[in-house]
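Visitor: Please take me through one part of this model in detail. I would like the sheet and the ligand beside each other, strand by strand.

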Amino acid sequence: MKKILEDIKNSSLAAVQSADDPSALEAVRVNYLGKKGSLTAVLKQMGSLSAEERPVIGQLANQVRSEIEEAIAKKAQALSEELLLRRLEEEKLDVTIPGTKVSVGKKHPMSIVLEEVVDIFTGMGYSVAEGPEVEYSANNFDKLNAPEGHPAREWSDTFYFREDSSVLLRPQTSPVQVRVMQTQKPPIRVIAPGRVYRKDEVDATHSPMFHQVEGLVVDKGITMGDLKGALNTLVQRLYGKDAKTRFRPHHFPFTEPSCEVDMQCFECQGAGCRVCKGEGWIEILGAGMVHPKVLEGCGIDTSVYSGFAFGVGLERLTLRRFNISDMRLLFENDMRFLNQF
Ligand code: DAH
């Protein structure tokens, strides 16, 4: 028995010494002192010893046990110190390494211009309305006086979601007019900025996704003069007092009369150049007096109210605003370009 205890002591102390991490040390403890450990097994046999042997062996066993426990505690302490030292060594901070540069973002040129447009119109009492990019054909066409069979409804221009053409990616912000008129009573003064989608190939002036700002005013006694005043204010606030506009007759299903508005070319001041393709003028938007059918269709009494509307491309406004020659630059997210604004 004595010999067995000696062996246990020697082998366990050796095992404790060679344990090189906390889990190995714990395994040693379980091996010797655990419920099924070898020292425990010896203690269980104490009953079979003679009355003289029992106290002697008992004392020895207890001594071995406390020696092992002590060795384990010491080793555990040593291991944790070692671990701490190693971590301190590995995680050393080099405060002389240069920091990572945090670059401050910039507003995208289109955001700058949109904020200016919103400022100009809110200053004239307009509020900002929004509508969904996935829209019903009813709001985009029927209610805007472009019934079944109208050429604007062709599948070749518009992204439709359903075979029956009832849902689409809006190709214009004009359906927001319908949503506003169906939920608000006149007087109405809103602008509606947002993304629109068309099946266009990408080039210097086209993209399948672009932005428009819609405008709508409905009140008593609204005339074409109010429309001209609002749009001239927009152009002059954006481009300066000398910016000149030209109103040309045009056709849109949802306005009558309708017009397109050109701005005098910023490059040649109307003389004709490459930028304006020799015209001296650059088209910037469509507008008109809201068609009585559109007003009536949204429940507005045309014997009391009239209105004007316009739709302007935000990319175009931005290109003119900063003299940018190619629309693709606005979508490429090249910081060398964007940092200039
Ligand atoms: N929705 C037209 C387009 O995308 C632009 C437009 C023209 C909007 C006349 C209007 C308007 O509100 O009255 O080409």
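**The sheet and its ligand**

Guide: The domain assignment of the protein chain gives domain 1, residues 2-91, and domain 2, residues 109-338. Their centres, taken over C-alpha atoms, are 86 Å apart. Keep in mind that this is a predicted model.

Take the sheet. Seven strands form an open sheet, in the order E1-E4-E5-E9-E8-E7-E6, with mixed pairing. Strand E1 (127-128) and strand E6 (245-252) stand at the edges, and each has a single partner strand, so one side of each lacks a neighbour in the sheet.

Now strand E5, residues 209-219. It is mostly covered: 10 of its 11 residues are buried.

Step on from E9 to E8. Five bridges join these two strands, which run antiparallel. Met-289 stands opposite Phe-308 in E9, and Gly-286 has Gly-311 in E9 as its bridge partner. E8 is largely enclosed by the rest of the structure, because nine of its 10 residues are buried. Next comes strand E7 (residues 255-264), which pairs with E8 over eight bridges in the antiparallel sense. In this pairing, Gln-264 stands opposite Trp-281 in E8.

How many residues surround the ligand? The shell holds 15 residues, and the closest are Gln-172, Ser-174, Gln-177, Arg-198 and Glu-214. The sheet takes part in this shell: E5, strand E8 (281-290) and E9 each supply at least two of its residues. By type, the shell divides into five nonpolar, eight polar and two charged residues.

Look at the side-chain contacts in turn. Ser-174 places a polar side-chain atom 2.9 Å from a nitrogen atom of the ligand. For Gln-177, an N or O atom of the side chain is 2.9 Å from an oxygen atom of the ligand. For Glu-214, an N or O atom of the side chain is 2.5 Å from a ligand oxygen atom. On its own, the ligand has 350 Å² of accessible area, and the protein covers 90% of that.

Start with the cis peptide bonds. The bond from Pro-186 to Pro-187 is cis, with omega near 0°. Pro-187 lies in the loop between helix H7 (175-183) and E4. The bond from Glu-256 to Pro-257 is also cis, with omega near -5°. Pro-257 is placed in strand E7.

Then the positive phi angles. Ser-165 is not a glycine, yet its phi is positive, near 60°. This residue is found in the loop between helix H6 (137-140) and strand E3 (167-169). Ser-165 counts as buried because its relative accessible area is 18%, under the 20% cut-off. Gln-269 is not a glycine either, and its phi is positive at about 50°. Gln-269 sits in the loop between E7 and E8. Gln-269 counts as exposed because its relative accessible area is 54%, over the 50% cut-off.

Key. Residues are numbered from 1 along each chain as its sequence is written. This is a predicted model: local features need pLDDT of at least 70, side-chain atom pairs count only at pLDDT 80 or more; totals for chains, interfaces and linings use all residues. Side-chain values use heavy atoms; hydrogens and water are left out. Domain bounds come from an automatic or database domain assignment. Buried means under 20% relative accessible area, exposed over 50%, partly exposed in between (1.4 Å probe, protein chains only). Helices (H or I, at least four residues) and strands (E, at least two) are DSSP runs, numbered from the N terminus. A residue is near a molecule or strand if one of its heavy atoms lies within 4 Å of it. A polar contact is a pair of N or O atoms within 3.5 Å; within protein, one must be able to donate a hydrogen and the other to accept it, and residues adjacent in sequence count only if both atoms are side-chain atoms. Accessible areas come from the Shrake-Rupley method with a 1.4 Å probe; for residues, only the protein chains shown count as cover. Ala, Val, Leu, Ile, Met, Phe, Trp, Tyr, Cys and Pro count as nonpolar, Asp, Glu, Lys and Arg as charged, and the others, Gly among them, as polar. Two strands pair if DSSP finds at least two bridges between them.
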